[in-house]
Number of protein chains: 2
Amino acid sequence: MEPATSLRERKKAATRLALHRAVVELAAAKGLDAVTVDAVADHANVSRRTFSNYFANKEEALLYGERTRYERLLAALRARPENETPWQALTRSVGILVEALAELDPVWIAQLRVVRRHPSLAAHQMALQCTVEQELVGEILERMQRHQASSDPVADAIRARVLAGTFLAATRAAITVWINQQESLSLADVVDAALRTAAERLR
Amino acid sequence: MEPATSLRERKKAATRLALHRAVVELAAAKGLDAVTVDAVADHANVSRRTFSNYFANKEEALLYGERTRYERLLAALRARPENETPWQALTRSVGILVEALAELDPVWIAQLRVVRRHPSLAAHQMALQCTVEQELVGEILERMQRHQASSDPVADAIRARVLAGTFLAATRAAITVWINQQESLSLADVVDAALRTAAERLR
DNA sequence: CCACAACGTTGCCTAGTGTGCAAAGTTTCC
DNA sequence: GGAAACTTTGCACACTAGGCAACGTTGTGG
């Protein structure tokens, strides 16, 4: 997790993180709409132009944490043993997401609040999941070719996409439900329940 | 389908449609990035300001057709008999989507194919589906209370969300696969296959 | 240690966007 | 026919994304 590369790399990572934290902080305080890119850059002590070198817009900066969590998930997925089926590998990797969330970072909580309250962010979050889905599909297809290879490539493509979409829908459902009622249910349990619901025969 | 209301309403609908068609046409010709809102408004013979009265941005205008199709789907779903289970009602409503596409001009569909390859649009489509998902969840919850009412509201919430997400993931998968290979497979068959894949036990 | 290459940061600039406002044009309704 | 309700439009303004080139900082080979 800590490649500890060159000074250059570390500085870049620090700037990226500073920008991310700046936008979360400002958005939590004033609402995302009232936050300008200028203000974010100021708050992170870089120029307006530098912000654009790191993120395309403030939503992307805001969801940077989300993105890294999904990247961790993908890495975990790729590290699963080759002999696991796609669904096995997925369900056994999802713990990574939960753990990442379980580091009850106050920044993360503030971020979730903002994301939930601001509808335009939901769109960007979906956009993010869209790219994740593409990568999931690729990984799933590879695994399928080792396990359930069928003679029909179209059927395989459908299967891989349905699988990826269902998995993401289930985790999304779990997180939504978990956020919507801040009682003592553990996120791990909710995610688990959602994945089992998805895996069972529907209806 | 034709409420045939006042002149005012009809004019507004015409303008909205003109803007939608303008953006599709221009995007198919030059690529979405090379299309400005100004150009779209010009092409539809309205001012740039008027464009903003109808759509927030060009992507929204481009996906207007998609949105109306989903609205038809929701209407069809609500019209299903009350005694059908959620999944039954969903799978029996989905024909509406396919029919709506089938009504379209083949030239139009070719344009859609071109435009839809643009990756940034996938994100906006996801955002659209996000709002649809909300409504699906509401409808599914109502049906579940008539059929599979459980004592655990959290489990019900999870189930409804997983169901909605899976359904949308399956139709999305079908449409993606269908678009990606412009052979003679009928969309109806692909959608059917995807929904059956989703309904079967995963793994 | 130094010079040079590679890379990051910044300011400037331009085309484009989204939206409030008020004036002018339409449609509706009595 | 004329007032009320609504739509379109132009204008203004603050903001955004990204190309470009100058300037700093970091890495590297002699």
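Chains A and B meet through the same surface, because 100% of the interface residues of chain A are also interface residues in chain B (contact means heavy atoms within 4.5 Å). The model is predicted, with pLDDT of at least 70 needed for local features and 80 or more for side-chain atom pairs, while totals for chains, interfaces and linings use all residues. Residues are numbered from 1 along each chain as its sequence is written, chains are lettered from A in the order in which they are written, and side-chain values use heavy atoms, without hydrogens and water.

**Surface near DNA strand D**
- DNA strand D is surrounded by 20 residues, the closest being A:R8, A:K11, A:R49, A:N57 and B:T50 (near: a heavy atom within 4 Å).
- This surface divides into nine charged, six polar and five nonpolar residues (charged: Asp, Glu, Lys and Arg; nonpolar: Ala, Val, Leu, Ile, Met, Phe, Trp, Tyr, Cys and Pro; polar: the others, Gly among them).

- A backbone N or O atom of A:A56 is 3.0 Å from a phosphate oxygen.
- A polar backbone atom of A:V37 lies 3.3 Å from a phosphate oxygen.
- A polar side-chain atom of B:R49 is 3.5 Å from a base oxygen.

How values were computed. Polar contact = N/O pair within 3.5 Å; in protein donor to acceptor, adjacent residues only side chain to side chain.
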